[in-house]
Amino acid sequence: MDTLNPNWFLRARLKTRQLLLLIALDEQRNIHRAAEALHMTQPAASKQLKDLEEMLDVRLFERLPRGMEPTIYGETMIRHARMALTSLSLAHDDVLALKSGLGGQVEVGSIMTPGITLLPQAIARVKQHAPLLRIGVRLEPSHVLLEQLEQGTLDFMIGRIVERDNGSGLIYEELTEEPSCVVARASHPLHAAQDLQLKDLASQPWILPPQGSVLRNRCDMMFRRAGLEPPANVVDTTALLLVAALLQQTDAVHVMPAAVAQHYVATGVLGILPIALPWKMDAFGIIRHHDHLLSPGANLLLQAVRAAAKEIYSP
């Protein structure tokens with residue numbers, strides 16, 4: 001196939017309707033249902049898809065007996081269609097916000113530790129200078145945030161490049177490693193233990209992330225390397241409010257990032273048990289999409305995150 005002109009969409013007179021059709025087809029996997037969702041006739045939808053495929057000289061969807069499946073080319077176009085439409089929507093919101101005297105909208109995602117420690121400090125800084133800037137925050141695991149970043153629904157995120165993602169098209173700025181610790185309720189008898197060892201914890205009731213998670217795997221391997229069986233009395237959950245409630249009402253122990261634990265220690269809810277864990281979570285950092293142009297408000301928050309990180313994480 002010949003190389004497309006960088007502005008091929010101008011020559012092709014690419015329509016917003018075609019971008020919407022790509023997304024509808026991805027969601028419905030059926031041309032008839034996709035056309036109905038967009039209030040189009042099926043022939044009109046088929047023609048728009050055919051025109052787009054002819055311009056790109058690739059097949060975007062495989063026509064199957066019971067529906068349609070995007071090809072690798074289709075998946076690429078769908079991803080960029082979502083990003084383009086999201087960007088246009090945000091542009092409209094920013095214009096309306098500026099017209100009404102506000103500061104626009106910023107969407108940021110974060111994993112738990114920086115979401116509790118770093119991000120609040122950065123947001124507080126920004127609000128001092130731009131009190132009317134609207135800031136949306138999503139706290140999710142890194143793999144969820146990376147998907148949202150790829151779809152263009154986040155300006156940037158604070159998290160990790162997960163193993164299944166090669167980081168292509170992403171800009172990563174490492175901030176710090178994430179040490180972990182074992183916590184229990186403030187009145188737990190193990191706080192008074194002398195020379196606390198892993199063998200003393202193996203028989204305790206535990207609250208841990210589900211099987212298959214990075215933190216659970218590392219916790220299990222910690223016991224196995226010490227010649228111990230991983231804890232058998234376990235509640236599997238990542239719901240922080242449930243974890244905190246269970247810890248206060250039972251003798252269970254839990255492993256969590258040290259920075260998050262300090263937050264609960266300061267409130268008197270939990271205490272950190274006197275044992276050092278032989279591992280850390282992978283480092284996390286600021287992650288941006290190379291092709292995403294940050295708004296002035298997003299840039300302001302990004303700079304505040306960098307400044308707060310320098311204060312918190314510098315030795």
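The chain contains 13 helices and 11 strands, where helices (H or I, at least four residues) and strands (E, at least two) are DSSP runs numbered from the N terminus. This is a predicted model, in which local features need pLDDT of at least 70 and side-chain atom pairs count only at pLDDT 80 or more, while totals for chains, interfaces and linings use all residues. Residues are numbered from 1 along each chain as its sequence is written, and side-chain values use heavy atoms, with hydrogens and water left out.

Along the principal axes, the C-alpha atoms fill a box of roughly 75 × 50 × 35 Å.

Of the 315 residues, 43% are buried, meaning under 20% relative accessible area with a 1.4 Å probe and protein chains only. Among contacts (heavy atoms within 4.5 Å) with a separation of 6 or more, 72% come from residues 24 or more positions apart. The accessible surface is about 17,100 Å², with 54% belonging to carbon and sulfur atoms; the area comes from the Shrake-Rupley method with a 1.4 Å probe.

At the local level, strands S1 (residues 61-64) and S2 (residues 67-70) run antiparallel and are joined by 4 bridges; two strands pair if DSSP finds at least two bridges between them. A hairpin through 2 residues connects S1 to S2, and Leu-64 stands opposite Gly-67 in S2.

How values were computed: Buried < 20%, exposed > 50% of the residue type's maximum accessible area, 1.4 Å probe, protein only.
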